[in-house]
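I set out to record, entry by entry, what I looked up in this structure.

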Amino acid sequence: DAVSVPSEIALPIYVNGHETATILCTPTRLTQLVLGFLYSEGIIANMSDVASMRVCEEQIADVRLSNAEYVPPQRRILTSGCGSGVSSETQAPRVASDLVVTPEEVLSLMKQLYQQQNLFKQGGGMHCSSLCDRNQILVVVEDIGRHNTLDKIMGECLLREIPTQNSILLTTGRIFSEMLLKAARIQTPIVVSRGTPTDRAVALGRDLGITIIGYARDKRLSVFSGEQRLLVTR
């Protein structure tokens, strides 16, 4: 029997005519990926910074900024397993939010996430992340690169004008430090995974005011930082 495997492409991104990065990614929601990457890198702050953008059939992204004189950083190749976002912890603002969730709400959202892993069901090998409110998933994306899923979420939120403050970020993989930096960049106060956070992610969660919830599966979960945002009713 034929076995389905994940698709992978190399997507060069040109900004004002300069190649700034090549991202290895799954060929879905490429516009969102590019916008989210540019936002993560601090190249754009909102859609008004983008004068024009096209992703060609040859799988090349050409972005022209409102600031036509801007010259992007030197070209990099970003593999599906390496970081691609905010590189300096000093760039990540502390998150201030009064959002409170219950364990039941978190576990329900994780169940919804797994039900929507369409590409993973076809052949495996995919990361999945989503942005949620307390009751439902607002955006869900998949990619071979876990960092790419976060950039795709950011890009989708920019395009659809979805607020990211007071939201919840879910992921199927481990919670790593760069995920905390990206969450702080969009002021998302709660990060949840079925897996474990790294020790550096936990330290960043405490520094940035982000609640980290790991091992969210079945009827159990563990809180590693920001315990005040988890409301236990029992």
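**Entry 1: conventions and helix packing.** I took axes as lines fitted to C-alpha atoms, for helices over the stretch in contact, with angles running from 0 to 180 degrees between N-to-C directions. I worked on a predicted model, in which local features need pLDDT of at least 70 and side-chain atom pairs count only at pLDDT 80 or more, whereas totals for chains, interfaces and linings use all residues. Residues are numbered from 1 along each chain as its sequence is written, and side-chain values use heavy atoms, with hydrogens and water left out. Helices (H or I, at least four residues) and strands (E, at least two) are DSSP runs, numbered from the N terminus.

I looked up how α4 (residues 146-160) lies against α5 (residues 177-185): the two helices pack at an angle of about 10°, their axes 10 Å apart. I call α4 roughly parallel to α5 because of that angle; the classes are under 35 degrees for roughly parallel, over 145 for roughly antiparallel, 65 to 115 for roughly perpendicular, and oblique for the rest. For contacts I required heavy atoms within 4.5 Å. On the α4 side I noted His147, Leu150, Asp151 and Met154, which meet Glu178, Met179 and Lys182 of α5. The residues of this contact divide into 3 nonpolar, 1 polar and 3 charged. In that division Ala, Val, Leu, Ile, Met, Phe, Trp, Tyr, Cys and Pro count as nonpolar, Asp, Glu, Lys and Arg as charged, and the others, Gly among them, as polar.

**Entry 2: the chain as a whole.** I recorded 6 helices and 11 strands. Of the 234 residues in the chain, 53% are buried; buried means under 20% relative accessible area, exposed over 50%, and partly exposed in between (1.4 Å probe, protein chains only). Among contacts between residues at least 6 apart in sequence, 57% join residues at least 24 apart.

**Entry 3: the open sheet.** Which strands make up the open sheet, and in what order? I read 6 strands in the order β7-β6-β8-β9-β10-β11, with mixed pairing; two strands pair if DSSP finds at least two bridges between them. The edges are β7 (137-143) and β11, each of which pairs on one side only. Neighbouring strands of this sheet are turned by 20° against each other on average, direction ignored. Within the sheet, β6 (residues 127-132) pairs with β8 in the antiparallel sense over 4 bridges, and Ser129 stands opposite Thr171 in β8. Helix α5 packs on the sheet and touches β8, β9 (190-193) and β10, its direction making about 155° with that of β8. Helix α6 also packs on the sheet, touching β10 and β11, and its direction makes about 65° with that of β11.

**Entry 4: strand β4.** I then turned to β4 (residues 61-65), where 4 of the 5 residues are buried, so the strand is largely enclosed by the rest of the structure. Strand β1 (residues 9-15) runs parallel to β4 and is joined to it by 3 bridges; Ile13 stands opposite Ala61 there. Strand β3 (residues 50-55) pairs with β4 in the antiparallel sense over 5 bridges, with Ser52 opposite Arg64.

**Entry 5: Leu208.** Is Leu208 buried or exposed? I found Leu208 in α6 (residues 199-208), and it counts as buried because its relative accessible area is 7%. Leaving aside residues up to four places away in sequence, Leu208 touches Ala92, Pro93, Arg94, Val95, Leu180, Leu181 and Ala184. The C-alpha atoms of Leu208 and Val95 are separated by 5.9 Å, although the two residues are 113 apart along the chain.

**Entry 6: positive phi values.** Asn166 has a positive phi of about 55° although it is not a glycine. I placed Asn166 in the loop between α4 and β8 (168-171), and at 43% relative accessibility it counts as partly exposed. Asp218, likewise a residue other than glycine, has a positive phi near 55°. Asp218 lies in the loop between β10 (211-217) and β11 (220-225) and, at 69% relative accessibility, counts as exposed.

**Entry 7: cysteines.** How many disulfides are there? With a disulfide taken as a pair of cysteine sulfur atoms within 2.5 Å, I count 0 disulfides. Cys128 is in no disulfide, and the nearest cysteine sulfur, that of Cys132, is 9.7 Å away. Cys128 is buried, with a relative accessible area of 0%.
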